[in-house]
Amino acid sequence: MIFLTALPLFWIMIAASRGGHWGAWMPSSISAFEGTCVSIPCRFDFPDELRPAVVHGVWYFNSPYPKNYPPVVFKSRTQVVHESFQGRSRLLGDLGLRNCTLLLSNLSPELGGKYYFRGDLGGYNQYTFSEHSVLDIINTPNIVVPLEVVAGTEVEVSCLVPDNCPELRPELSWLGHDGLGEPAVLGRLREDEGTWVQMSLLHFVPTREANGLRLGCQASFPNTTLQFEGYASLDVKYPPVIVEMNSSVEAIEGSHVGLLCGADSNPLPLLTWMRDGTVLREAVAESLFLELDEVTPGEDGVYACLAENAYGQDNRTVGLSVMYAPWKPTVNVTLVAVEGETVSILCSTQSNPDPILTIFKEKQILATVIYESELQVELPAVTPEDDGEYWCVAENQYGQRATAFNLSVEFAPVILLESHCAAARDTVQCLCVVKSNPEPSVAFELPSRNVTVNETEREFVYSERSGLLLTSILTLRGQAQAPPRVICTSRNLYGTKSLELPFQGAHRLMWAKIGPVGAVVAFAILIAIVCYITQTRRKKNVTESPSFSAGDNPPVLFSSDFRISGAPEKSERRLGSERRLLGLRGEHPELDLSFSHSDLGKRPTKDSYTLTEELAEYAEIRVK
């Protein structure tokens, strides 16, 4: 045990004031445990000139004035005391030496109060000193905790008990300090006013778990049953730690979402919900709930909860994934390319989860990617067959969206093989079918007549475009007997193409030249030849005339029959101008065309009716 002493201030003052005046010095307050004793130190003084033979003294309780008849605690003259103090009080000091120290034993709560001393030197030399001591009867030790205890910072907690009873000395021990360490200092300390305290110190580094811990100190007195305990709750300050938060959240677009953040700290933290630096909600609380109604894809992202107080901060994040159907796909542009170029098609969308992306052309899949937001397709060396409408389709389990776009391939004109001329009676029609992008110009040239007819001359040429095909029909009248050579020329900004149109239907031209009489003569000759062969029997087999053989007889296609009846005078004038332009003469007989627009190498069915025939009929009607 360590004893710490200090010279009380009032003893120094007494020594300096000897030979002075009336005065007393005692501690203004003193404490003691119930059931123990207390020694109240006291010194007094009086003028030197009095020189009394005997010095007496009286201790009063709660009042300094005798006329108020205060309870007498101790009286040296008569030893008569108040019943409350009988057997409990005695004088420890020598009044002749001006020491008035009082001892009170077997303390009980009713003895707590003010104690006054009165000096009695005989006769009128009696004086009650205003100075007094307040006795506090206690039953718990005093635990002193620093005003601020911070987690992680070493602190000192002390247990102080009064030690003013010379008959009983307290012993101190700590309660509930497991894990905090052992007491570092144990000693007895004399205070400035002459009182004594027993002290025990406990040094430790608190943690957040120690917050609210009830730390106790026990004072016991050997050889007695007296024990006194006192407790203090530790208020440990510590920074926030987020202890409760959602894990990653998945929600369907339009649903309700709640995010919870809870933190442990002392004092309470300021909780803040944030997203992309924007404060969504905040409050000083243990937990904070963030509600999102009818979530949208725009609310998808990372949400942060920040907890902070004066001692630090903590933060955690949670991801919100909003599930939704694909947005309408976007395509880089409506594409235009020149034949032979490489075309790159980029289709992109946005969805959660990522979609299946597919690019179609005419219901044929060109490319597909799974769980990707972009799909890129390259078409190397595009051809006219790549021209057309494409679709980009995006789909996931929440829906499907599609976008159509066009690829336009530009190329030089191509004159298709079904282009030809055909004769019907005295009319010749020439069909020129051109595939091109952009739309070409078409002209018909008659080299033998040194004439060129453009498509702009509507009286002779009818044109119609369908997709990439341009069909032009030139109608010539009175040319069946000697059809001219016709060259079709088509051009656009990518090139020029010319083709001499082949003539079809020569057998019909032959019969037109022979006429009815010639047919009768030919039939008679045929009969004569057959008879001759039969009679002579020089050959085993009957041969047919080459002009009637099946192999020499090409298929005759009757797609339509155009007949021009008697026309009015205005039509006669128009047709006459046509003939004059082309150098043609003669009447306009019936027209029986024999050609196929769709496929020259195939024989159409009986009721086939092609676009060429429609256009030819339209051209004929215009010139009637």
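Mentor: Happy to. On the surface, Ile-356, Ile-370 and Tyr-371 form a nonpolar patch, and together they have about 320 Å² of accessible area; do keep in mind that this is a predicted model. Tyr-371 sits in the loop that connects β32 (364-370) with β33 (374-379), and a relative accessible area of 58% makes this residue exposed.

Now for the inside. In general, nonpolar side chains of soluble globular proteins tend to be buried together. Here the largest nonpolar core has 28 residues, and Phe-44, Trp-59, Leu-104, Tyr-115 and Phe-117 have the most contacts inside it. Several elements give two or more residues to this core, among them β3 (29-33), β6 (56-61), β10 (113-120) and β11 (126-138). The largest share, three residues, comes from β11. A second core of 23 residues is separate, and Ala-210, Leu-215, Phe-221 and Tyr-238 are included in it.

Ring pairs join Trp-22, Phe-44, Phe-46, Trp-59, Phe-117, Tyr-127 and Phe-129 into a cluster. The count of aromatic pairs comes to 17. One of them is Tyr-324 with Trp-327, a tilted pair with 6.0 Å between centres and 40 degrees between planes. Within that pair, Tyr-324 is buried at 6% relative accessibility, whereas Trp-327 is partly exposed at 42%. Charges meet rings too: Arg-214 lies over the face of Tyr-231, 4.3 Å from the ring centre, and the charged end of Lys-361 is placed over the ring of Tyr-390, at 5.7 Å from its centre.

That leaves charge with charge, where the count is 13 salt bridges. Arg-98 and Asp-45 form one of these, at 2.2 Å from N to O.

For a contrast in setting, take Glu-385 and Lys-435, whose side chains meet at 3.6 Å, N to O. Glu-385 is exposed at 55%, while Lys-435 is partly exposed at 22%. Finally, salt bridges with shared partners connect Asp-45, Asp-48 and Arg-98 into one network.

Notes
Residues are numbered from 1 along each chain as its sequence is written. This is a predicted model: local features need pLDDT of at least 70, side-chain atom pairs count only at pLDDT 80 or more; totals for chains, interfaces and linings use all residues. Side-chain values use heavy atoms; hydrogens and water are left out. A nonpolar core is a set of buried Ala, Val, Leu, Ile, Met, Phe, Trp, Tyr and Cys residues joined through side-chain atoms within 4.5 Å. Buried means under 20% relative accessible area, exposed over 50%, partly exposed in between (1.4 Å probe, protein chains only). Helices (H or I, at least four residues) and strands (E, at least two) are DSSP runs, numbered from the N terminus. Rings of Phe, Tyr and Trp (its six-membered ring) pair if their centres lie within 6.5 Å; planes under 30 degrees apart count as stacked, over 60 as edge-to-face and the rest as tilted. A charge sits over a ring if NZ of Lys or CZ of Arg is within 6 Å of the ring centre and within 35 degrees of the ring normal. Patches are made of residues with over 30% relative accessible area and no salt bridge: like charges are joined within 9 Å, nonpolar side chains (Val, Leu, Ile, Met, Phe, Trp, Tyr) within 5 Å. Accessible areas come from the Shrake-Rupley method with a 1.4 Å probe; for residues, only the protein chains shown count as cover. A salt bridge is a side-chain nitrogen of Lys or Arg within 4 Å of a carboxyl oxygen of Asp or Glu.
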